[in-house]
Structures are given as structure tokens and as C-alpha cells.
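Subject: Handing over a structure

Dear colleague,

I am passing this structure on to you, together with some notes on what I found in it.

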Amino acid sequence: MTVANPAKHFAPDRVAIIGGGPGGYEAAMVAADAGAEVTIIEDQGMGGSAVLTDVVPSKTLIATADAMRRVNASTDFGVRFGETGEDKYETSAWADFSKVNERLLKLAKTQSRDIHRSLEAAGVRIIAGHGRLVPPHSVEVTAADGGTQLVEADAVIVATGAHPRELPTATPDGERILNWTQAYSLTEVPEHMIVVGSGVTGAEFASAYRRLGAEVTLVSSRDQVLPGEDSDAAAVLEDAFTRVGVRVAARARANSAERTAEGVRVTLNTGQVLEGSHCLMAVGGIPNTAGLGLEECGVEVTQSGHIRVDTVSRTTATNIYAAGDCTGMLPLASVAAMQGRIAVAHMQGGAVKPLQLHRVASNVFTSPEIATVGVTQSQVDAGKYQSDVVKLDLATNPRAKMMNVRDGFVKIFARRGSGTVIGAVVVAPRASELIYPLALAVTHKLHVDDVATTFTVYPSLTGSIAEAARRLHLHVLDPAEE
């Protein structure tokens, strides 16, 4: 890839940002703090889809499902909710779905308003409308009423995100056939939700809907759910799915989804026909790059429609940067935000640390959660990295026993010969929190002994992180030992 490479950096006085998601609003805050005159253009609301229709509402739904899981499992701890006679107790929670969705949509709007206020307080000008690039690097904004205005800028950041991909034979109607932005219109827990797609989005919704009381069938085109994740972690999740009653239609694709008199019918390429009350299509996303005037400004896009960028967020056009899901990097809010911050640092001529995807910590918010950072098992198996690996099940952890945690493990990868931590996987409740010390270890190239000799609270799930590091230390010293 050839990117714009000006002879010298400049500190732009005027920065225009198209898109108010994490990549856009984080960049706006940093640029405003640096003294630039910043304008951000967004037609849906601050926070973009990440806040309004994706990350915030979906993770709030998942939090509700996890609360139900803990309530329904609490009888194993001796908790009782009221005697119903003959030594029986009311122990089954149920979801008032209208309240659940009302709460998550309220949280999303509140978060959007908070971002809006923070941007205004920082001096950022916010314009509601659709932005289109005008050569060399200005932005024409079209408002909802059709009116237009030109925002002149010295540098532009495109952070327009992505939208759900749709199959022509399974067009969402917002009632029975849904994409992930429409799932929050339901007023009752679906009787039987068919989830098409076993990537992160599909697995998360399948896990949440089952915990909320719906029957769930997950259509997976691969041999395992979460094909892009650690195979050991995916196996744990599949076992958990089996135990709670999620049915998986493996090695199958949906040819079509259509409404019936009472629900939906999903026809698979295997010939199998699935009947359910609802269908959620989770088959990936499409970048929001059409109609942005990219080509006219010399911004190259890939065959998939993503904006081509380098590790400091530059596009192929001078003074035009891009961040977030529209770039085809990891589709994570944290990556979008980092790309936005890096773009501002680069255009300001400051010290820049290029984006390093192997240091990105990510999480799948299923039950249990799956968190990863750094080198993966598949990369080690393929010989791309020489690594010693230790996997420690949580079954031996005292806090896990107290919490009645059945599933999970800690896996750490250390570079062979040096003992440097280069990757990790955590499968556990709140794995998204537990991965942080291992992300620190990967980012700062800590030795396994640095992790092993750091005090942990007893009892705690983090104790298994230190224990895995201690076992890995022994393995590094003597590979014959485990």
C-alpha cells in the first residue's frame, strides 16, 4: 500500500471528522485538547452505532441475561426466594422484555447525550447531517432538511463505521427477521430465536437470549462456533451451550429466511428447515463508505469497500485519515478509538506509536466470557511463533469453587528461550476484566516470572493467572516438566 507521506508534519488549525462513533469522538476530544478547531459531523447521534445500536445496548442486554443466570443458579448457594409449599421454592427468574429493552435503549441515549455534552464542553462544533468529502480535504454536510454547508478543513478523519450485512433472501423486517440493530424492538422474550452466524455477534446474542429464557438455535457454517477464536475456548463455550440447551446447526449456511403465519422459516443449504418465532441475522458488516466522495479525493478503498489505511491511520490521500470499522481493522470500539487518537497525534506531528493489533485485548461477551490478547494458539500451531504454552483450568481455583464456576481456564503463551509473555486467553466470568494484567504483560514484554511473582488476592480468579505463570516458568526451565 502507498499512503500519503508529506515532506513534513503540520499542525492543522481546522480538523473535520465525519462520524461520531468511538473513532470520531475520541479523535475530536484529543484534537480539541491540542488546540485545533474541530468540527464533527454525525447524522444519528453522538457515539454512533457503537453507542446507539450496537455495543452499549447489546452488552446491556447481555448484562441482564447474566443477572438472570446468577439468580437462577443461586439455589446452589443455598439462596431461597420464598416457600411455595412442600419444601419447594420459587427460584426461576423471568425477563420483562419491554422493561429490559426500555432500560438498554435509555442507557444508550444517556451515553450518547453524555458524549455530546463532553464534546461541546471541549469546544467541538457538532453538526447533524451526512458528510461527503470535497477535494482536497473539506466536507460538504447535508442536513435532514436537504440544506447543505461546506466545512473547510486542513485535515479530515473519516470514521463512518459499518452497518449489518443483509442476505437478499433473508431481508430483515424489524419484526420477525431482525438484524442486530433491530433486536431491541421486541417487547417479549422470543419463543424460539434462530441466530444465523456463529461469529462474535451471533454467539453473544445466542448466549444472551438463551439465558433470558428463549429457545435458541445457532446456525454455524464452521465446525465450531467462534471460528476466529481460540479452539479450546470455543470448545468450552460449545459445552456450555449444550448444557443450557442452545442447539447448534453446524457446518450449515442459511439459504433463506422467510416469515410464516406464526413465525419464521429458515432453510439451510443442507436441506434442513428450521422453524422458529424469530430469526436474527448476524452475518457480518458492510463499511459505510459509499457516497462519501472518497475516490474523488484520492482515497483508496479495498474490494470489500473498506478504506485502506496504514498503522498511523493515514489513507492514500494527503491529510485524510480514517478510523474504525470503515477501515477493515479489528471491528472493536477500542481499536476505533485508538486509531482516532493515533490519527490526531500523527497530524499534529507528535510522538506516535503505530497501531499494533497483536497488543489488542478483545472479549466475547458470552457466558462464560472469552478474552484474548497477543499470539494465538493457531499461530503457534502453524509455526509462526516458537512458544511454550500452559493452560490451567479454573476447576482448581478456590474462588471459582465458591462462585460455582464450572467452565473456564487461563492459557499463557511465552516466547521460547526468553520467557517473555506474548499471548494469553482467559475463559471465565468477567474475563474482560481478568485479561488486563496479561495485556499489560504482552504490551510491556514482561517475563512470566514478573507475572508469577506478583502478589494476587487470595482467594481470587486472578490467582490462576499467577499460578499459570508459575507453571510456565517451570516449563521454560525444563520442558519435560508440567
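Which residue in S16 does Arg 259 stand opposite? The residue facing Arg 259 is Val 264 in S16. Please keep in mind throughout that this is a predicted model.

That pair belongs to two strands that run antiparallel, S15 and S16 (residues 264–268), which are joined by 5 bridges. They are part of an open sheet of 3 strands, arranged in the order S15-S16-S17 with antiparallel pairing. Strand S15 (254–259) and strand S17 (273–276) stand at the edges with a single partner strand each, and therefore one side of each has no neighbour in the sheet. On average, and with direction ignored, neighbouring strands of this sheet are turned by 15° against each other.

Elsewhere, strand S7 (residues 138–142) runs antiparallel to strand S8 (residues 148–151), and 4 bridges join them. Within this pairing, Glu 140 stands opposite Leu 150 in S8. The hairpin that S7 and S8 form has 5 residues between the strands, and in this hairpin Gly 146 takes a positive phi near 95°.

Key:
Residues are numbered from 1 along each chain as its sequence is written. This is a predicted model: local features need pLDDT of at least 70, side-chain atom pairs count only at pLDDT 80 or more; totals for chains, interfaces and linings use all residues. Side-chain values use heavy atoms; hydrogens and water are left out. Two strands pair if DSSP finds at least two bridges between them. Axes are lines fitted to C-alpha atoms, for helices over the stretch in contact, and angles run from 0 to 180 degrees between N-to-C directions.
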